[in-house]
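Trainee: Please take me through one part of this model closely. I would like to start with a sheet and then turn to the aromatic rings.

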Amino acid sequence: MRLYEHEGKTLLEQAGITVPKGTLVSSGSAADAESAAGAATFPAAVKSQVLTGGRMKAGGIAFAEDADQLNSELTRLLGSEIRGHRVETVLVEPRTQFDREFYLGITYDSAAKSAVAVFSQAGGIDVEQAGAAVKAEIPLLLPASGFRFKELLASAGLQGRLLSGMTGVFTKLAGLFRDYDCILAEINPLVLTPEGKLVALDVHVELDDDALYRHADLVKQFGLEGRDADARERSPLERKAEEIDSADHRGVAGRMVEFPGNLGLLIGGGGASLTAFDAVQRHGGKPANYCEIGGNPSVWKVKELTKLLLSREDVERIAVIMNVVSNTRVDLVARGVVKGILELGLDPAEKIAIFRIPGAWEEDGFALLRKYGVPYADRTVSIDQAAKMAVAGAGGER
Amino acid sequence: MGEFIAVYLKDEECAAHEGCRRLISLCPVDIFVEGEGGAAVDEEQVDECTLCGLCWEALPDAVEVRRLYIDEAEARA
């Protein structure tokens with residue numbers, strides 16, 4: 001769950017990191033706009049609150065020298081679209097003068113199986129291309145310790161008061177990262193003002209969706225309940241899929257995302273859903289959806305998801321593809337898919353392009369599929385090959 | 001009878017086991033419900049059967065579970 005800039009700044013402020021004092025202006029609120037214009041310190045930064053990067057380049061950030069210019073920018077930005085995101089709120093802050101800008105970030109490195117801290121003296125736009133970043137693994141089982149950040153920053157050439165000040169900011173950012181179960185917390189840029197202060201001008205915080213239940217206060221404070229992780233409005237089909245998933249605690253059959261293709265996908269298994277989705281596209285197929293099934297969903301859950309997918313008139317067939325499963329039963333998934341199709345009065349042999357789930361109880365699953373003439377494949381057929389079969393309509397064994 | 005699984009209760013043997021009521025709490029996927037004089041099979045649920053064996057191991061004379069997608073000769077689960 002990505003937070004808006006103003007929400008991230010609230011967390012930074014609570015953590016003791018200096019941010020500009022801003023005012024939030026909402027779409028359609030003349031009172032907000034008047035209040036912001038009256039309270040603003042000029043020159044002011046006018047920043048659209050959308051969950052995407054590159055706002056400056058996309059025209060989502062402007063500067064105003066006086067109240068008239070501020071009103072003009074608010075009118076331009078509110079209700080507009082920045083990189084496909086509608087601007088509902090704008091943050092107005094005093095424009096901060098600075099001498100230098102830096103990048104500080106903490107995220108997880110899945111290869112290292114550790115949190116990592118990243119620092120660059122070349123903060124600002126296109127920091128990724130600027131290079132010259134230093135990074136270090138940061139164990140976060142215990143509260144963050146300043147010395148690790150001091151070592152990292154010193155290796156980047158920082159010295160003296162700047163080193164001490166930056167160490168403090170980094171340590172506080174790490175505390176925030178740990179306390180709120182973040183998967184990313186980055187400040188870009190963190191600027192050094194002519195007065196020697198370190199001020200966070202922009203922040204990007206992403207929370208771990210699966211840990212949100214531990215932060216009821218944050219969910220309430222920012223109204224995160226029901227907010228889509230990528231701030232995209234869910235389609236009716238996606239909402240229905242979520243209802244199906246939450247109606248039965250057994251297993252997962254959810255995270256449905258619709259696409260405009262004609263091949264429905266029931267996919268999952270330790271990242272295999274992404275692999276299968278990409279493979280279908282690579283072989284020229286047009287996925288109707290992305291989803292994730294796993295954790296041994298009930299027959300009912302798979303059945304309902306199957307019926308939901310096939311309720312879309314443009315979905316011609318479905319492909320059922322997972323990695324080799326151990327904690328999901330092949331036969332139960334097969335029952336669900338076949339039953340869903342039968343309940344729609346359709347022929348499983350026609351509607352299932354390929355069923356490729358090897359693993360637990362596969363003998364039963366394959367026996368069931370044989371009975372209904374459904375093309376299936378075992379583990380000797382790769383996910384990529386199965387996707388190719390699904391796209392080509394070649395099928396597997398029957 | 002479900003699409004894939006059939007669960008049979010034999011009345012006489014059930015009576016000998018106090019109407020097979022044990023099965024109601026025993027089954028992890030709620031295939032057995034309260035019926036007249038004992039347990040009954042909820043036909044809406046039988047396709048959820050995981051073939052765990054708890055029912056037929058507890059009351060082997062009273063319960064029979066069949067996989068309808070397997071040939072009759074090897075159908076007894």
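Mentor: Three strands of chain A make an open sheet, in the order β14-β16-β17, with parallel pairing. Strands pair here if DSSP finds at least two bridges between them. Helices (H or I, at least four residues) and strands (E, at least two) are DSSP runs, numbered from the N terminus. β14 (263-268) and β17 (352-356) of chain A are the edge strands; each has a single partner strand, so one side of each has no neighbour in the sheet. On average, neighbouring strands of this sheet are turned by 10° against each other, direction ignored. Axes are lines fitted to C-alpha atoms, for helices over the stretch in contact, and angles run from 0 to 180 degrees between N-to-C directions.

This is a predicted model: local features need pLDDT of at least 70, side-chain atom pairs count only at pLDDT 80 or more, and totals for chains, interfaces and linings use all residues. Residues are numbered from 1 along each chain as its sequence is written, chains are lettered from A and ligands numbered from 1 in the order in which they are written, and side-chain values use heavy atoms, leaving out hydrogens and water.

Back to the sheet. Six parallel bridges join β14(A) to β16 (residues 317-322) of chain A. A:Leu266 faces A:Val320 in β16(A). Helix α10 (residues 299-310) of chain A lies across β14 and β16 of chain A, at about 155° to β14(A). Contact means heavy atoms within 4.5 Å.

Now the rings. Rings of Phe, Tyr and Trp (its six-membered ring) pair if their centres lie within 6.5 Å; planes under 30 degrees apart count as stacked, over 60 as edge-to-face and the rest as tilted. That rule gives seven aromatic pairs over all chains. A:Tyr108 and A:Phe177 have ring centres 5.2 Å apart and planes at 50°, so this pair is tilted. The pair links distant parts of the chain: A:Tyr108 is in strand β7 (residues 100-109) and A:Phe177 in helix α6 (residues 160-179) of chain A, 69 residues apart. A:Tyr108 is partly exposed at 46% relative accessibility. A:Phe177 is buried at 1%. Buried means under 20% relative accessible area, exposed over 50%, partly exposed in between (1.4 Å probe, protein chains only).

A:Phe259 and A:Phe277 also form a tilted pair, 5.0 Å centre to centre with 50° between the planes. A:Phe259 is partly exposed at 32%, while A:Phe277 is buried at 9%. Ring pairs link A:Phe259, A:Phe277 and A:Tyr290 into a cluster.
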